[in-house]
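Subject: Two-chain model, handover and notes

Hi,

Here is the structure I promised to pass on. Have a look at it first, and then read my notes below.

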Amino acid sequence: MSEVLTVPKSRRNVEALLLVVALTVAIGANWLVGLDKENPFDSAFWLQGGTLAALALIFHILLRFRAKYADPVILPIVIALNGIGLAMIYRLDLALPADAQPVAPSQFLWTTVAMGASIATLLVIRDHRMLRRFTYISLIVSAVLLMLPLTPLGVEINGARIWINVGVGTFQPGEVAKITLAIFFAGYLSTNRDLILLAGKKLGPLQLPRFRDLAPMVAAWLVSIGVLIFQRDLGSSILFFGLFMAMIYVATSRVSWVLIGLAMIAVGGYAALQLFSHVALRIDSWINAFEPEVFNRNPGGSGQVVQGLFGLANGGLVGTGLGQGRPDLVTYANSDMIITALGEELGLIGLFAIVLLYILLISRGFRAALGTRDGFGKLLACGLSFTIALQCFVVIGGVTRLIPLTGLTTPFMSAGGSSLLANWIIVALLLLISETARRPAVKGPVRETFSEGKQNRNTPATDPTREVTA
Amino acid sequence: MSDLTVTLLRYGFLLLIWILVLSVVSALRRDLVVGLRNRTGSPTAREARKHPELVEEPPAKAQARRLIVTEGPLKGTALDLASSPILLGRAQEATLVLEDDYASGRHARLFPQGSRWFIEDLGSTNGTYLAGNQLTRALPVEPGVPVRIGKTVIELRP
């Protein structure tokens, strides 16, 4: 766990400037989409653009007061990505038949809710280190969240049982579970890191862990397999296990853990391939995507992926222009396949810019992890950025046929409120961690004097697990 | 709207996304310099007024250059004093992590001011003792004077 010095400058003005550019991108995209309509500047357009700008401004002002030294580029990048996603979902709504239910209004509502939740997270959690107290509570919360879809509350959509019905709509508890799981892994690994590192036999260049230290890894594996078996959701199961493997590798820097993890994935994947027809169908439609019978097979055909690829080909280098292509021909163009929809209308040049924005966002998360001084914060920032990275890889790799397509959401873009909510909360946590990473060390006395009565005034938050025994 | 305008707007939007990407990258340029070099350059008067915590104090001409643990589990440990504050305690983030059951997580803090080092207690359970007297406020530490934290005793040495 290395430490890197950072420049002690608040850089909020840079953030304000970048926010202006990001909002121009977001609102400009929405405007270009509506250009073909008779009245592109209707009240909905102004309401949406105005609300987005207002929320961004509130967020920015809050950062000035609460997290002055937070990373200046995270918020503008996320606003731009969210805005482009909203514009594309609105554009796909315009192509819907007149009687269909539009998606954009609910997605916009979820954006405001998610940004509100993110602002609330910043207000409630002033220091990310307090989350360490909730290490085992987050494990329980994760377990409950993952179990919820299996209770009578759960609803099954397209064969996967990962949603619950919350009255006004459906919610995907697994999206929030990835945050609580990251908190648990970070707390557990930062406490037990030395034990895991030092104990165990050496076998050639590999240091094998003790069997009892393997227990959490086995637990994470069982959770992933459980999600795969009972909820039939390949994407989330890859995400949870990948998260744990990445975090244990960051904590211990032992290759043996990665090899053990990959072996466990191979075993689990082989078993899944033998046991579940839908996994086998996924693999088949990945390898033989262009066979006519695979293309037309329903369910489990490759039609969706191949249509997406045709869309990308139609877009070419500079794209057809927003609102000019036919991304609506692809099924689930506004959720799973939003990357191909954007690739068709913005072309390779636009898609690369979007991928670069993701890369920059993820690299800022890792940069916060490098800069912060506490092990828990390092692991949490790594884990949260890695979930975004893994989701991007699985989705973009899936729609471009690099790997089999699995149903994960594109962070900040896909239609789906739970994913948006979870990712905005992740943004708040990354901002908090980057604030502790970049804030300059206090010079001079922390406090002047302390008398008996006011002993606890300004006392820095001490970790209750490390309290004095005497 | 004419085809020409639409085409221009299309390319304009692609340009705009790339302007965002490139301005983000250029905002990060300073961050790519890792290490001590990005600490150079003192803040201007205006910056110092707006961000008082940026003002670097003149490096302490401290006679004390080393911190030695003279008693306790870490006996014999030595630490070179730079111009940055030192946190003492059992927490992992402490500069000197005390393996002492009678020390608090964030127990005490040594910091340079002027040409001297000061010690302050951070609200520890068992207190910090400078030459046998419990600290109630930040006090200067002269070289050779023992500071007791739990079962650990440290001294500053020239």
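What percentage of the 158 residues of chain B count as buried? The figure is 29%. Keep in mind throughout that this is a predicted model.

For chain A, 47% of the 470 residues count as buried. The contact ranges are worth a look too. In chain A, taking contacts with a separation of 6 or more, residues 24 or more positions apart account for 71%. In chain B, among contacts between residues at least 6 apart in sequence, 38% join residues at least 24 apart.

**Chain A**

Chain A comes to 15 helices and 5 strands. The pair I looked into is helix H1 (residues 12-33) and helix H3 (residues 74-94), both of chain A, whose axes come within 8 Å and cross at roughly 5 degrees. With a crossing angle like that, H1(A) and H3(A) are therefore roughly parallel to each other. On the H1(A) side the contact includes A:Leu18, A:Leu19, A:Ala22, A:Val25, A:Ala26, A:Ala29 and A:Val33, and on the H3(A) side A:Leu75, A:Ile79, A:Gly83, A:Leu86, A:Ala87 and A:Tyr90 are among the residues involved. Sorted by class, this contact has 18 nonpolar, 2 polar and 2 charged residues. A:Glu15 of H1(A) and A:Arg91 of H3(A) also take part in it.

**Chain B, the helical end**

Chain B has 2 helices and 11 strands.

An unreviewed UniProt entry annotates residues 12-29 of chain B as "transmembrane region". In the model, that stretch is 89% helix and 0% strand, and its end C-alpha atoms are 25 Å apart.

B:Leu14 lies in helix H1 (residues 3-27) of chain B. How many other C-beta atoms lie within 10 Å of B:Leu14? There are 17, so B:Leu14 is partly exposed. For scale along the chain, B:Leu14 and B:Asp3 are 11 residues apart in sequence and 17 Å apart in space, C-alpha to C-alpha.

**Chain B, the strands**

One open sheet has 6 strands in the order E2-E1-E11-E10-E7-E8 (chain B), with antiparallel pairing. E2 and strand E8 (133-134) of chain B are at the edges with a single partner strand each, so one side of each is left without a neighbour in the sheet.

Some details from that sheet:

- Strand E1 (residues 66-71) and strand E2 (residues 78-80) of chain B run antiparallel and are joined by 3 bridges.
- Opposite B:Leu67 stands B:Leu79 in E2(B), and opposite B:Arg66 stands B:Asp80 in E2(B).
- E1(B) and E2(B) form a hairpin with 6 residues between them, and B:Gly72 in the turn has a positive phi of about 105 degrees.
- E1(B) is also joined by 5 bridges to strand E11 (residues 152-157) of chain B, and these two run antiparallel.
- In that pairing, B:Ile68 stands opposite B:Glu155 in E11(B).

Another open sheet has 5 strands, ordered E4-E3-E5-E6-E9 (chain B), and its pairing is mixed. Which strands stand at the edges there? They are strand E4 (96-97) and strand E9 (139-141) of chain B; each has a single partner strand, so one side of each is left without a neighbour in the sheet. Strand E3 (residues 86-89) of chain B runs parallel to E4(B), with 2 bridges between them. B:Gly89 stands opposite B:Val97 in E4(B).

On the annotation side, "domain: FHA" in the unreviewed UniProt entry covers residues 86-135 of chain B. Over those residues the chain is 0% helix and 46% strand, with the end C-alpha atoms 17 Å apart.

That is what I have for now.

Cheers

Technical notes:
Residues numbered from 1 in each chain as written. Chains lettered and ligands numbered in written order. Predicted model: local features only at pLDDT ≥ 70, side-chain atom pairs only at ≥ 80, totals over all residues. UniProt positions renumbered as here; feature names shortened; annotations may be inferred. Helix = DSSP H or I, 4+ residues; strand = E, 2+ residues; numbered from the N terminus. Axes fitted to C-alpha atoms, helices over the stretch in contact; angles between N-to-C directions. Parallel < 35°, antiparallel > 145°, perpendicular 65-115°, else oblique. Contact = placed C-beta atoms within 7 Å. Nonpolar A, V, L, I, M, F, W, Y, C, P; charged D, E, K, R; others polar. Pairing = 2+ DSSP bridges. Buried ≥ 20, exposed ≤ 12 C-beta atoms within 10 Å, placed from the backbone.
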